[in-house]
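The following exercises concern the packing of a protein chain. Please examine the sequence and the structure before working through each solution.

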Amino acid sequence: MSEDSAVVARARALLDAGRTWQARDLLAERVEQERDTESLTLLGEVHHRMGDLPRAGAAWFATGTRGPEADEAVAAWREQTGDDFAVMWRSLPRSFRAEPRPARIEALRARALATGAHLEPSRSPLEPDTAPTDGGEGGGPDGAQVIGWILAALFVGFAVIGFVTVLGWFVPG
């Protein structure tokens, strides 16, 4: 039995045992390391079974899977990414972005490059990169950080005042 078949067989056994999450993790690790179409197709099925249509769509797009369920999932993937070709590209597993690429994946890459996007890899397999690609917001602190720093400063200030007060009780005048 080849390694590809062994991974798929193990994942199917996990699915049969009701361990969907473990099957997903096993398959995701496999497709990130190796271009294994059978594992990625099954990973799409697992994501679909878990109700994660966008990730199922990304997997099935990469493998060229067709059919009503696959078409619905690919549409959900496109909707989630806002048809941002660079985000779509980065959501595919690294092994499937590597050359040689099927025509549909090469076309996606070309469209992403045409938008002037940088095609850095995603942090994890089949996870869309939702960071702003057009410069987005500035890099300054947000409101929650400012409030957090103010509360921390108040806490330290009150702690010092409390310490001085308690010290005054023990040390006479």
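**Exercise 1.** Determine which residues Leu 42 touches, not counting residues up to four places away in sequence.

*Solution.* Step 1: apply the contact criterion, heavy atoms within 4.5 Å. By this criterion Leu 42 touches Val 8, Ala 11, Arg 12, Leu 15 and Leu 27.

Step 1: note the basis of the values. This is a predicted model, in which local features need pLDDT of at least 70 and side-chain atom pairs count only at pLDDT 80 or more, while totals for chains, interfaces and linings use all residues. Residues are numbered from 1 along each chain as its sequence is written, and side-chain values use heavy atoms, with hydrogens and water left out.

Step 2: Leu 42 lies in helix 3, residues 37-49; helices (H or I, at least four residues) and strands (E, at least two) are DSSP runs, numbered from the N terminus.

Step 3: The relative accessible area of Leu 42 is 1%, so the residue is classed as buried. The class boundaries are under 20% relative accessible area for buried, over 50% for exposed, and partly exposed in between (1.4 Å probe, protein chains only).

Step 4: compare sequence and space for one partner. Arg 12 is 30 residues from Leu 42 along the chain, and their C-alpha atoms are separated by 8.6 Å.

**Exercise 2.** Describe how helix 2 and helix 3 pack, giving the angle and the separation of their axes.

*Solution.* Helix 2 (residues 20-33) packs with helix 3 at an angle of about 145 degrees, and the axes are 9 Å apart. Axes are lines fitted to C-alpha atoms, for helices over the stretch in contact, and angles run from 0 to 180 degrees between N-to-C directions.

Step 1: list the residues that meet. Helix 2 contributes Thr 20, Arg 24, Leu 27, Ala 28, Arg 30 and Val 31, and helix 3 contributes Ser 39, Leu 40, Leu 42, Leu 43, Val 46 and His 47.

Step 2: sort this contact by class. Seven residues are nonpolar, three polar and two charged. Here Ala, Val, Leu, Ile, Met, Phe, Trp, Tyr, Cys and Pro count as nonpolar, Asp, Glu, Lys and Arg as charged, and the others, Gly among them, as polar.

**Exercise 3.** Identify which residues of the largest nonpolar core touch the most other members.

*Solution.* Step 1: define the set. A nonpolar core comprises buried Ala, Val, Leu, Ile, Met, Phe, Trp, Tyr and Cys residues joined through side-chain atoms within 4.5 Å.

Step 1: In the largest core, of 29 residues, Leu 27, Leu 40, Phe 61, Trp 77, Leu 92, Ile 105 and Leu 108 touch the most other members.

Step 2: trace the contributors. Helix 1 (3-16), helix 2, helix 3, helix 4 (53-63), helix 5 (68-81), helix 6 (85-90) and helix 8 (103-114) each supply at least two residues. Helix 1 gives the most, with five.

Step 3: inspect one member. Apart from residues up to four places away in sequence, Leu 108 touches Phe 61, Trp 77, Phe 85, Met 88, Trp 89 and Leu 92.

**Exercise 4.** How many aromatic pairs are there, and how are the rings arranged?

*Solution.* Step 1: state the rule. Rings of Phe, Tyr and Trp (its six-membered ring) pair if their centres lie within 6.5 Å; planes under 30 degrees apart count as stacked, over 60 as edge-to-face and the rest as tilted.

Step 1: apply it. The count is one aromatic pair. Phe 61 and Trp 77 form this tilted pair, with 5.0 Å from centre to centre and 40 degrees between the planes.

Step 2: locate the partners. Phe 61 belongs to helix 4 and Trp 77 to helix 5, so the pair ties together parts 16 residues apart in sequence. Both Phe 61 and Trp 77 are buried.

Step 3: follow Phe 61 to another contact. Helix 4 and helix 8 pack at about 115 degrees, their axes 7 Å apart. Phe 61, Ala 62 and Thr 63 of helix 4 and Arg 104, Ile 105 and Leu 108 of helix 8 make the contact.

**Exercise 5.** Between which residues is the peptide bond cis, with omega near -5 degrees?

*Solution.* Step 1: the cis bond runs from Glu 99 to Pro 100.

Step 1: Pro 100 is placed in the loop between helix 7 (94-97) and helix 8.
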